[in-house]
Amino acid sequence: MVPTLCALCNNSRALIIRPKNRQKLCKPCFIFLFETEIHNTITTNSIFRPGERIAIGASGGKDSTVLASVLRTLNERHNYGLHLLLLSIDEGIKGYRDDSLETVKRNAIQYDMPLSIVGYDELYGWTMDQVVSQIGKKGNCTYCGVFRRQALDRGAARLGIKHVITGHNADDVAETVMMNLLRGDLPRLSRATSIVTASTASDIKRSKPLKYAYEKEIVLYAHHKGLDYFSTECIYSPEAFRGSARTLIKNLERVRPSAILDVVKSGEDMARLVPPEVSGSGTCTADAKDVAVALDGDAEGEGGCGSSNGRASGGEMAVMEQKLRDEATSDGKQTQNDDHEIDFTLQGQRHDRHKPTPAANTLSKAKRLQKQQLQRCGRCGYLSSQSVCKACMLLEGLNKNRPKTQISVSVEEEDNSPTLTRRMEGMTSISHETNVT
């Protein structure tokens, strides 16, 4: 069989089929095209300014690792003049975050970037392990998402940095659009689709350079570049509501590969229809994942959840990564990343449309949404639409249920404990009676 040539260079053998458009490319062309598309996203949206100090939200997962690698390459290739560093959040999840932070530390050395780590325990007096032990696994993403959002801002403020970039990809944005549609939350939908979110009330803005990059292509890039990243799912994330939207998006992608970008573009178009006084346009620093947290919190926050580290529904990204590793050790395969076609028969259903009645018009006017007025939290000073921010409200609930007095017994006290003495005397008498009989 004649090998297929790369669609760009028409010289080398095609080894990769792009998930985004099914284009067949060789390895060098795919890597260059991926980096060029990120560069075009950055320049088109004027994300950076020359000489700007940028904090990369680093979790050790594939998204933040690829983001750091690509930005380092583009910064040198196109002379952005950026000063890059890594900012990590330690949620306090043993067996997950401690391992991923080791990957971030290696990345800091590999990319020659300074690293700063901010912990929940340091900021809030709680780790996520302690929060879960208190409230259980149901709804724990609410706490983690809200805490992480504040931790990123506070970490950046400590470093004197006014711009944080995160590794949210096209799949993440499409999931957030779908979540807000399912909730009927158009104001948040409007803010979620912005590639750069800033506020006149806050010095720190956020941006998503990977907004139009497919998750599968990020995995392919990381594989072919040989990047060092952590790919274990957060032990607490399977309960998140985002998983339902993710499953729906993945099913759509199987039927129509362009569905992810179609959903993102549709979200952007719908966002333009939302009046600024309703959407709070330009007055929110939350990003595509974070804005969903504020409603019921079942969304993963920035670059920290297992969501960002190969957490597709059913372990799809993990299966893909394993397939890439297996193919790397075998010879003679013409293409990689062949998707299995799934045939869905979609049957449309006709819905009768009725003209709205005068009563319905009156009701819709009565339910008109009010504009959010941002202010500073009266307790911590963080930007909030309420007098007390959500993080402080969550902490108040946790601290109320925390035991007020910590009971501890020293070795000396335990040895002299009357209760222990009586127990030992009882055991001695029982042993003596047994020996007599």
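Biologist: How do helix α5 and α6 pack, at what angle and how far apart are their axes?
Modeller: In this predicted model, helix α5 (residues 128-135) and α6 pack at an angle of about 150°, and their axes lie 10 Å apart; the axes are lines fitted to C-alpha atoms, for helices over the stretch in contact, with angles running from 0 to 180 degrees between N-to-C directions. The helices themselves are DSSP runs of H or I with at least four residues, while strands are runs of E with at least two, numbered from the N terminus.

Biologist: And which way do α5 and α6 run relative to each other?
Modeller: α5 and α6 are therefore roughly antiparallel, since angles under 35 degrees count as roughly parallel, over 145 as roughly antiparallel, 65 to 115 as roughly perpendicular and the rest as oblique.

Biologist: Which residues meet there?
Modeller: Met-128, Val-131, Val-132 and Ile-135 of α5 meet Asn-140, Tyr-143 and Cys-144 of α6, where contact means heavy atoms within 4.5 Å. The residues of this contact between α5 and α6 divide into 6 nonpolar, 1 polar and no charged, with Ala, Val, Leu, Ile, Met, Phe, Trp, Tyr, Cys and Pro counted as nonpolar, Asp, Glu, Lys and Arg as charged, and the others, Gly among them, as polar.

Biologist: What about α6 and α16, what is the crossing angle there?
Modeller: The axes of α6 (residues 140-159) and α16 (residues 390-401) come within 9 Å and cross at roughly 130°, so α6 and α16 are oblique to each other. Among the residues making that contact are Tyr-143 and Phe-147 of α6, together with Leu-394 and Leu-398 of α16.

Biologist: Switching to α7 and α10, how are they placed?
Modeller: Helix α7 (residues 170-183) packs with helix α10 (residues 242-255) at an angle of about 115°, their axes being 9 Å apart, and that makes α7 roughly perpendicular to α10. The contact residues include Asp-171 and Glu-175 of α7 and Arg-242 and Lys-250 of α10, and the contact as a whole divides into 7 nonpolar, 1 polar and 7 charged.

Biologist: Now the strands: how many bridges join β4 to β5?
Modeller: Strand β4 (residues 83-90) and strand β5 (residues 115-119) run parallel and are joined by 5 bridges, where pairing requires DSSP to find at least two bridges between the strands. Ile-89 has Val-118 in β5 as its bridge partner.

Biologist: Any caveats on numbering or confidence?
Modeller: Residues are numbered from 1 along each chain as its sequence is written. Local features need pLDDT of at least 70 and side-chain atom pairs count only at pLDDT 80 or more, whereas totals for chains, interfaces and linings use all residues, and side-chain values use heavy atoms, leaving out hydrogens and water.
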